Amino acid sequence: MTQAYRTVSKYATLVDVTADINTHDQILKAALVLFADKGYDATSMREIAQQVDISKPALYYHFDSKEEILRALVDESIPLIDELLDWAKRQTPSSKVRKEAFNRWADIVQRNGLLGFRFVSANRSAVAAVLGKRRGQLGAISELGQILKSPDGPDDQELRICMSLLALNTAGWIAMNLDTPEEEILLQARKIAIKLMP
């Protein structure tokens, strides 16, 4: 049993904890959809509860506020990005390492599909407020560019690394208005963006 989830008594069963985890994830997914479609400011806690088909008090059992839900959504990618950066720092820069870093980055930024890009696009100021002074995706891209460049590489190598990683995000935002299946868009975005990677 993890301490991240509250339990009614010390005798809570594994089934109860699993139910909590499922409800917790359902709340985050519903909020992601609502924040992407309506925006953070225009979405109420009542709407999130209705989307998950739980009472408002049940929603407050999992999250104290709408801001806490937003923070949880934003914070989902931070440990994944930190892990990627830590991994990259332990590598010797090479074309193979850059391609592996690209694929790991793509897995992170595309994990919620086009919905994730819609969420960020619709809520830039709210996401920035939650991040505060912490490193966002642009900061991570810049840091990866510095880590992955070869000491004896060409002058434009760091720029090309950063452009390759950023191209995935750009494709996600542009693709929101394309009449193409989502899986195809995400796959094509990877194929196009990796061509920029030196």
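Which two side chains meet in a salt bridge at 3.0 Å, N to O? They are the side chains of Lys 149 and Glu 158, and this pair is one part of a predicted model that is described here topic by topic.

**Overall make-up**

- The protein has 198 residues, and 39% of them count as buried.
- Among the contacts in the protein with a separation of 6 or more, 72% are accounted for by residues 24 or more positions apart.

**Helix H5 beside helix H9**

- Two packed helices are described by the angle between their axes and the distance between the axes.
- For helix H5 (residues 78–89) and helix H9 (residues 137–148), the axes come within 10 Å and cross at roughly 10 degrees.
- Because angles under 35 degrees count as roughly parallel, this crossing makes H5 roughly parallel to H9.
- On the H5 side the contact is made by Ile 81, Leu 84, Leu 85, Ala 88 and Lys 89, while on the H9 side it is made by Gln 137, Ala 140, Glu 143, Leu 144, Ile 147 and Leu 148.
- Sorted by class, the contact of H5 with H9 has 8 nonpolar, 1 polar and 2 charged residues.

**Helix H6 beside helix H9**

- The axes of H6 and H9 come within 11 Å, and they cross at roughly 170 degrees.
- Because angles over 145 degrees count as roughly antiparallel, this crossing makes H6 roughly antiparallel to H9.
- From H6 the contact draws on Val 97, Arg 98, Ala 101, Trp 105 and Val 109, and from H9 it draws on Gln 137, Ala 140, Ile 141, Leu 144 and Leu 148.
- The residues of the contact of H6 with H9 divide into 8 nonpolar, 1 polar and 1 charged.

**Salt bridges**

- The count of salt bridges in the model comes to 11, and the pairs described below are among them.
- Lys 89 and Glu 143 meet through their side chains in a salt bridge, at 3.5 Å from N to O.
- This pair links distant parts of the chain, since Lys 89 lies in helix H5 and Glu 143 lies in helix H9, 54 residues apart.
- Glu 143 has a relative accessible area of 22% and is therefore partly exposed, given that a residue counts as buried under 20% and as exposed over 50%.
- Lys 89 and Glu 143 also belong to a network of salt bridges that links them with Asp 82 and Arg 135.
- Glu 100 forms a salt bridge with Arg 104, and the closest N and O atoms of this pair are 2.9 Å apart.
- Both Glu 100 and Arg 104 lie in helix H6 (residues 95–109), where they are 4 residues apart, about one turn of the helix.
- Glu 100 counts as partly exposed at 34% relative accessibility, and Arg 104 counts as partly exposed at 29%.
- In the salt bridge that opened this briefing, between Lys 149 and Glu 158, Lys 149 is partly exposed at 35% relative accessibility, and Glu 158 is partly exposed with a relative accessible area of 23%.

**Two loop residues**

- Ser 77 is found in the loop between helix H4 (66–75) and H5, and its relative accessible area of 9% means that Ser 77 is buried.
- Leaving aside its neighbours within four places in sequence, Ser 77 is in contact with Ile 108 and Arg 111.
- Ser 77 and Val 109 are 32 residues apart in sequence, while their C-alpha atoms are 8.0 Å apart in space.
- Asp 53 is found in the loop between helix H2 (45–52) and helix H3 (56–62), and with a relative accessible area of 71% Asp 53 is exposed.
- The phi angle of Asp 53 is near 65 degrees, which is a positive value in a residue other than glycine.

Conventions
Residues are numbered from 1 along each chain as its sequence is written. This is a predicted model: local features need pLDDT of at least 70, side-chain atom pairs count only at pLDDT 80 or more; totals for chains, interfaces and linings use all residues. Side-chain values use heavy atoms; hydrogens and water are left out. Axes are lines fitted to C-alpha atoms, for helices over the stretch in contact, and angles run from 0 to 180 degrees between N-to-C directions. Angles under 35 degrees count as roughly parallel, over 145 as roughly antiparallel, 65 to 115 as roughly perpendicular and the rest as oblique. Contact means heavy atoms within 4.5 Å. Ala, Val, Leu, Ile, Met, Phe, Trp, Tyr, Cys and Pro count as nonpolar, Asp, Glu, Lys and Arg as charged, and the others, Gly among them, as polar. Buried means under 20% relative accessible area, exposed over 50%, partly exposed in between (1.4 Å probe, protein chains only). A salt bridge is a side-chain nitrogen of Lys or Arg within 4 Å of a carboxyl oxygen of Asp or Glu.
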